[in-house]
Amino acid sequence: MPRPYSILDVFTDTPFAGNPLAVVHEADDLDATRMQAIAREFNLSETVFVLPAESPRHKARLRIFTPGRELPFAGHPTVGTAVLLGLMDDGGDPAAEVPAHAFGLEERVGIVPCVMEKRGENHGHARFRLPRLPEYLGEGPAPDAAAAALGLDPADIGFDRHLPSRHSAGVPFDLVPLASRDAVERARPGPDFDKVFGRDGDAGEVYLYSAGTVDPAHSFYSRMFAPGMGIAEDPATGSAAAALAGALMEYEPLGDGTHHVVIEQGYAMGRPSLIRLQLIVENGALVGAEIGGDAVLVARGELLP
């Protein structure tokens, strides 16, 4: 029988901006092979499959696929699915008045606590607490190697105290700071991209960021490339923003307290996105972090048998 799905634009309050997300409902009878085939068919950065939660205390269990593989965790699928499930809470009617909802989503990385607030008939905001704080995985490649793999000059690599590094909050990323927004926009994966950034046989996932933003009120301007995963460029990457929290603790003078970071992504590909990152620092250590953003429901449909 037909299987319903929804399409949302995530990390935006505007339809046809942000990062598109496909959410497949009633997916508990699908195996991983079928899920991967459906994700390849949608050919978006990620496709989410919603299954019944294993614990009655949680809202749902999610499986997340890129066109190339399954992920244990991803930010834009978590935000988008949290908004969608919140909009559907009143008898499946997204036009109903829905107050804020708090619930847990089960992902392979663990339980992800979420809060969703309705902001319009098909629009909401969600934030989630990182189920795993970022960990430092080591230095990134040398500036000359990173520059060559990205079609840049070695002088484009780094700013202030920021150097290439590798962090993970569930998904590992090479984080490459660039000296200017212009350098971020000029970057292109070259022939040696996976040779320089790949690890343990996996294709590279590279997050570029600069302090030169479009809006001076924002914190960083970013892009993400993962061609080996079938993602030429991602319009908004919450899991990379989560990993960036580790670099900020490494290279920024963050004192104790709550720090709010707004990250621009997707501008270079005509899909402007805003990712909100919150860091909580106590006694010089990161003790908590949240990712948040808006999402807009733009389409519904059915997958035929």
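**View 1. Lining of the largest pocket in a predicted model.** Met1, Pro2, Arg3, Leu30, Arg34, Ala37, Ile38, Glu41, Phe42, Leu303, Leu304 and Pro305 line the largest pocket. On a 1 Å grid over the protein atoms alone, a pocket is an open set of points with protein on both sides within 12 Å along at least five of seven lines, and lining residues have an atom within 4 Å of a point. The largest pocket holds about 210 Å³ of space. Volume is the space filled by probe spheres set on the points, which are joined across faces, edges and corners. Helix α1 (residues 32-42) gives the largest share of this lining, five residues. Helices are DSSP runs of H or I, at least four residues, numbered from the N terminus. By class, the lining has nine nonpolar, no polar and three charged residues.

**View 2. The largest cavity.** A cavity is a set of points where a 1.4 Å probe fits but cannot get out. Two cavities of 30 Å³ or more are counted. The largest has about 60 Å³ of space. Its lining includes Glu46, Phe173, Met229 and Asp234. Six lining residues are nonpolar, two polar and three charged.

**View 3. The second largest cavity.** About 30 Å³ of space lies here. Among the lining residues are Glu46, His76, Pro77, Asp234 and Ser239. α2 (75-87) and α6 (238-251) each give two or more residues. α2 gives the most, three. The classes are three nonpolar, five polar and two charged.

**Notes.** Residues are numbered from 1 along each chain as its sequence is written. In this predicted model, totals for linings use all residues.

Definitions and conventions
Predicted model: local features only at pLDDT ≥ 70, side-chain atom pairs only at ≥ 80, totals over all residues. Heavy atoms only, no water. Nonpolar A, V, L, I, M, F, W, Y, C, P; charged D, E, K, R; others polar.
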